[in-house]
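Hi everyone, thanks for coming.

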Amino acid sequence: MNRSRLAPGAGIVTAPGDRPVLRTSEGEFLRIDTGRVGPGELVDRLTEGEGQASSAELDRLVAAFEEAGHAVTEPRRPPLTGRTVHLLGEPVLTEPLARFAAAEGAEVHPITADDVAGLEGRRDTAVVWCLDSPVPEGLWDEADRLPARHTAWLRCHREGAHTWTEPLASAPGDVTAAHVRLRRLAATAAHRELAAYWAGHRTPDTGPHPTEPAAALIAALLTADLIAWASGEPHRGPGLPARRRLRRIDLRDLTVTEHPVLPVPEVAPLPAPTARTAP
């Protein structure tokens, strides 16, 4: 039978002369009423201690820890276990991302742009496309169809000194790359210039390209989005959910800003003009 252990991130703190306190994985401090159970017995039971003490009251106390999620009996499974991640794009970004995703339990496969259209729709599969440049017109059109097949779709690209990580899309109606472009055009007075920039009417790129620390940061942020997808995205804290979050990473100082973004509803085409007859 597996013994209970404190959940990852949780710990028991004992201030001198005081009762033990639980520090949760979220950073909260909760007082523990051990009743007639000695604090040392509880600590031994929930850690690697050698104590073999057991009683009905100690069992109830440990069960309460488990019910609240502060103790576990099973070894931690990496959050991307059972998930397949297909990667394509610039090696400076895909190589650290492949390492990070594999470390979290994912099965990682490199693919090419031609492979995207032939991917079979699967809920346990994600496609991540990383560019170290603006997105050429039409490049992501086929990949934007992946969420309709319930395949997760995640991407990033660079524009000048900024890398953008776009919201993860995994179901019909989620934010696609086309939606992000429309939202960004609508949010700026320089929409004509931004559209021209995306269309390639610009001077040659002068960087800066992601350094090793910047690439690691971008890969870590993308991995966090994959973990949110794999876990059903339980949203905690003040940040935005992965399916509604557009991030901008400044490659010069590695600052990250978040922007909310929503899907763009489909609009019915305007009716065809009808011919008027002379009175």
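Now two bits of housekeeping. This is a predicted model, where local features need pLDDT of at least 70 and side-chain atom pairs count only at pLDDT 80 or more, while totals for chains, interfaces and linings use all residues. Residues are numbered from 1 along each chain as its sequence is written, and side-chain values use heavy atoms, with hydrogens and water left out.

Okay, histidine 70. You'll find histidine 70 in the loop between helix H2 (56-67) and strand S5 (71-72). Those labels come from DSSP runs, numbered from the N terminus: helices are H or I with at least four residues, and strands are E with at least two. What does histidine 70 touch, leaving aside its neighbours within four places in sequence? The contacts are Arg5, Leu6, Ala7, Ala10, Leu22, Thr24, Leu30 and Phe65. Histidine 70 is buried, at a relative accessible area of 17%. Here, buried means under 20% relative accessible area, exposed means over 50%, and partly exposed is in between, using a 1.4 Å probe and protein chains only.

Next, helix H1, residues 39-46. Which residues of H1 are buried? They're Leu42, Arg45 and Leu46. Looking down the axis of H1, these buried residues fall within an arc of 85°, so they line one face of the helix. That arc is taken from the directions from the helix axis to the C-beta atoms. As a reminder, an α-helix has 3.6 residues a turn, so residues three or four places apart point the same way. The cover over the buried residues of H1 includes strand S1 (5-6), strand S2 (11-14), H2 and S5.

And how do H1 and H2 pack? Their angle is about 55°, and their axes are 11 Å apart. The axes are lines fitted to C-alpha atoms, for helices over the stretch in contact, and angles run from 0 to 180 degrees between N-to-C directions. That makes H1 and H2 oblique to each other; under 35 degrees counts as roughly parallel, over 145 as roughly antiparallel, 65 to 115 as roughly perpendicular, and the rest as oblique. On the H1 side, Leu42, Arg45 and Leu46 meet Leu58, Asp59, Leu61, Val62 and Phe65 in H2.

Glutamate 48 sits in the loop between H1 and H2. Is glutamate 48 buried or exposed? Exposed, at 61% relative accessibility.

Now over to helix H5 (residues 177-186), which holds alanine 177. Alanine 177 counts as buried, at 5% relative accessibility. Beyond its neighbours within four places in sequence, alanine 177 is in contact with Trp140, Asp144, Trp153, Arg155 and Glu166.

Last stop, the cysteines. How many disulfides does the structure hold? The count is 0, where a disulfide is a pair of cysteine sulfur atoms within 2.5 Å.

Conventions:
Contact = heavy atoms within 4.5 Å.
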